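Visitor: I am new to protein structures. Could you walk me through this one with a few questions?

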Amino acid sequence: MRNSTLRKIAPALTALLALNPALRADELSDLRQALKALEQKILVLERKQELKDEAAAAAAPTTPKITVNDKGVTIASADAVNSLRLRGLVQLDHRAFFNDNGAAAGLNNNGFVLRRARLITEGVFAKNYSFQLVTEFGGSAVSILDANLGIAISPALQFKLGKFKAPIGIEHLQSDAWTFFNERSIANNLVPNRDLGITAGGDLLGGKLNYTVGILNGLADGASTTNADFDNEKDVVGRIFASPFKDDAGSALQGLSFGVAGSYGREKGTAGRTSGYRTDGQQTFFSYLATTITDGPNWRVSPQFDYRNGSFGLLGEYTVSTVNVRPSATGAKSELQNKGWQLAAGYVLTGENSSYAGVVPATNFDWSKGTWGAFEVTGRIANVKIDDQAFPLYASAASSASEASAFGLGLNWYLSKAVAFKLDYYQTNFDFAPGAPAVPSAAVLRQDEKSLITRFQVAF
Amino acid sequence: MKFKLSLLTALALAGAALASAKSIELLNVSYDPTRELYVEFNKAFAAHWKAKTGDDVTIKQSHGGSGKQARGVIDGLPADVVTLALAADVDALAEIGKLIPADWQKRLPDNSAPYTSTIVFLVHKGNPKGIKDWDDLVKPGISVITPNPKTSGGARWNYLAAWEFARRKLGGDEAAQGFVAKLFKNVPVLDSGARGSTTTFVQRGIGDVLLAWENEAYYALKEFGADKFEIVTPSISILAEPPVTWVDKRVKKKGTADVAKAYLEYLYTDEGQEIAARNFYRPRNQAIAAKFPDNFAKIELFTVDAAFGGWTKAQKTHFADGGTFDQIYAK
């Protein structure tokens with residue numbers, strides 16, 4: 001009973017008692033006192049609750065906020081100026097290759113693979129300083145993939161220092177969890193992976209233009225830094241990416257972004273050449289001879305675009321990678337130019353939006369509720385052409401293909417934002433340089449690669 | 001030509017003065033009932049400092065239970081000065097926080113307490129329960145409002161005043177502990193600070209008597225009407241000496257040592273003492289106290305030093321973990 005209610009009924013009770021001549025004055029007084037005592041008890045209870053509420057409100061500004069959702073576990077200070085986020089990525093794949101038993105011993109390449117198992121720690125301190133540490137437990141060895149520090153001067157000027165993805169390939173820059181396919185396209189072979197250095201970048205024109213410029217140690221195609229520079233030279237990298245229609249609500253071009261990225265530097269030494277270009281099934285189809293060394297300028301240029309319109313998504317890039325090589329330390333130098341491109345598309349059958357940052361299902365898969373998450377179909381074509389001059393002086397025509405053309409078809413089932421099941425079929429056809437033997441010495445090249453890669457993924 | 005030259009000189013001087021004028025901010029971390037006192041005092045000091053140095057000083061205020069405020073400063077609340085309810089809380093800044101020297105109390109006159117106060121009773125108009133002295137508070141059916149001695153300096157003064165009254169009347173600490181235990185059985189709500197208790201009694205209508213700082217009792221009369229409440233002066237009470245000091249580590253880091261020290265010293269000036277007296281704090285300057293005869297009741301006062309051997313000892317015996325208050329309240 002509220003105190004106000006009590007106050008209202010007290011006079012009525014008193015009046016009622018007064019009307020009853022049987023009641024004595026002292027009984028009336030006792031009743032009044034009892035009511036008064038009851039009123040005090042209620043007031044005390046109300047005040048105690050008020051004090052509790054005040055204490056809770058006072059404590060709130062200093063209580064850190066802990067959030068657990070499909071973006072990970074975030075612990076943020078009450079003022080949101082400092083935060084720490086734990087994320088993870090686990091990808092368990094099964095790879096099955098078809099019609100590749102033509103080799104004498106056959107190819108032993110079917111099986112389960114722990115493709116990625118990452119623990120990701122990110123933090124922000126004093127609002128403008130951030131860090132990222134990505135440890136990889138999948139693959140063949142434990143490694144630190146990313147370790148970098150961010151300094152945000154403003155949205156238009158942000159520095160990044162440490163180890164991170166070189167800002168060149170558009171698909172390469174996309175999160176491993178949100179690409180259309182389980183594996184990035186063969187065109188991705190032509191851009192460097194994770195490098196060490198410093199970049200500056202930011203958003204201009206209200207986010208319609210994004211830029212990155214930087215100086216990195218410099219890497220061969222597809223390579224990741226070993227935490228040491230293999231020469232004294234550096235690569236200058238840059239990327240400019242525009243989304244000119246991003247604010248034009250309703251326009252068919254609203255989701256169109258395009259740009260160009262590139263790098264320029266000099267390399268010298270065996271580590272400057274790529275360790276190999278890989279197929280969608282992650283088998284090597286091209287590599288330089290062990291005697292080949294790089295010596296001289298290398299540069300890349302990569303025009304690229306991304307388009308999203310409702311459930312439909314389209315991503316494309318064309319990359320030219322140029323490297324100067326010698327067949328030996330004293331051999332004649334040649335400039336080789338390898339080219340690659342890809343066009344990948346996806347359509348979310350269940351109506352959710354296609355996005356560079358992944359599909360968010362409208363409902364999670366829940367058997368008891370009869371909801372199924374989101375389904376997406378994907379398709380891709382891609383090509384990589386090796387410079388004709390590479391053969392036979394710098395690469396073996398018997399063990400390397402001169403061109404790879406691939407297509408892929410996929411079905412992605414997003415059980416929730418964090419959990420997905422993906423099924424991709426890839427086929428890669430190979431061409432060879434003139435003079436190549438009828439039966440290549442590399443077993444993987446003796447037939448077109450046909451593979452089915454399934455993946456169970458948890459990404460948060 | 002002369003006029004132009006003079007004008008230019010004046011402008012240049014004004015510009016130089018403006019360029020050199022500093023804008024300073026101080027944080028005064030204080031106990032619960034001093035809000036009104038420091039609102040008035042801060043204005044006066046800012047004007048004084050501006051006239052003296054040309055600098056603009058803004059004083060921010062933070063109020064709460066004295067013990068709670070002291071812990072806040074130790075935990076990082078960036079106080080330039082503290083004006084707390086009792087010396088034990090300031091001692092904690094030296095002992096636990098290492099923010100001030102141990103002999104901080106000797107840095108300003110009168111043990112760094114520029115004004116004093118005492119504890120009185122605020123009762124409903126007409127004093128319906130007939131409360132006249134401390135022993136009325138332990139009678140059955142009397143509802144007493146006092147804050148929590150663990151967090152409130154005022155509550156600790158209340159506690160010690162009751163204790164000393166009982167010790168004198170009943171003889172010995174054991175009897176005093178029993179007396180105070182009975183008193184706390186009559187306390188239905190423990191607020192964290194003195195202002196909270198005033199709210200409980202005056203605005204929420206809980207209790208028969210509020211144990212209040214003298215200044216807080218007068219504040220309640222002034223704010224909520226002398227027709228609703230009245231002050232009862234007990235036979236004896238405690239001389240409360242709320243101390244002040246600057247927080248050395250913080251002012252050194254901020255470069256505000258001079259202004260922080262001047263701020264506290266200004267409390268001892270005639271203007272500072274008058275402001276204190278106007279706000280029902282007993283000024284040290286007796287000539288100024290004499291100007292406000294209606295603001296302070298005549299009452300026999302004892303000191304913590306005389307009755308309890310000082311605040312360090314009193315704190316340890318009564319309010320530290322496992323002290324008499326814990327023993328009483330655990331029951």
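Predicted model: local features only at pLDDT ≥ 70, side-chain atom pairs only at ≥ 80, totals over all residues.

Visitor: Which elements give two or more residues to the nonpolar patch on the surface?
Guide: The patch includes Val90(A), Phe112(A) and Leu423(A), and its residues have about 1,000 Å² of accessible area together. The elements of chain A that supply two or more of its residues are strand E3 (83–98), strand E4 (111–125) and strand E21 (419–431).

Visitor: Is Leu423(A) buried, partly exposed or exposed?
Guide: Leu423(A) sits in strand E21 of chain A. Buried means under 20% relative accessible area, and exposed means over 50%. Leu423(A) has 34% relative accessibility, so it counts as partly exposed.

Visitor: Which element gives the largest share of the lining of the second largest pocket?
Guide: This pocket has a volume of about 1,100 Å³. Of its 42 lining residues, those closest to the centre include Arg115(A) and Asn193(A). Two elements of chain A give two or more residues to the lining, E4 and strand E6 (143–154). The largest share, 5 residues, comes from E4(A).

Visitor: How do the residues lining that second largest pocket divide by class?
Guide: Gly counts as polar here, and Gly222(A) is among the residues closest to the pocket's centre. By class, the lining has 13 charged, 9 nonpolar and 20 polar residues.

Visitor: Which element gives the most to the lining of the largest cavity?
Guide: The largest cavity holds about 100 Å³ of space. Strand E14 (293–309) and strand E15 (312–326) of chain A each supply at least two lining residues. The one that gives the most, with 3 residues, is E15(A).

Technical notes
Residues numbered from 1 in each chain as written. Chains lettered and ligands numbered in written order. Heavy atoms only, no water. Patch = residues over 30% accessible without salt bridge, like charges linked within 9 Å, V, L, I, M, F, W, Y side chains within 5 Å. Areas by Shrake-Rupley, 256 points an atom, 1.4 Å probe, with all protein chains shown as cover. Salt bridge = Lys/Arg side-chain N within 4 Å of Asp/Glu carboxyl O. Helix = DSSP H or I, 4+ residues; strand = E, 2+ residues; numbered from the N terminus. Buried < 20%, exposed > 50% of the residue type's maximum accessible area, 1.4 Å probe, protein only. 1 Å grid on protein atoms, 1.4 Å probe; cavity = no way out; pocket = protein on both sides within 12 Å on 5 of 7 lines; lining within 4 Å. Points joined across faces, edges and corners; volume = space filled by probe spheres on them.
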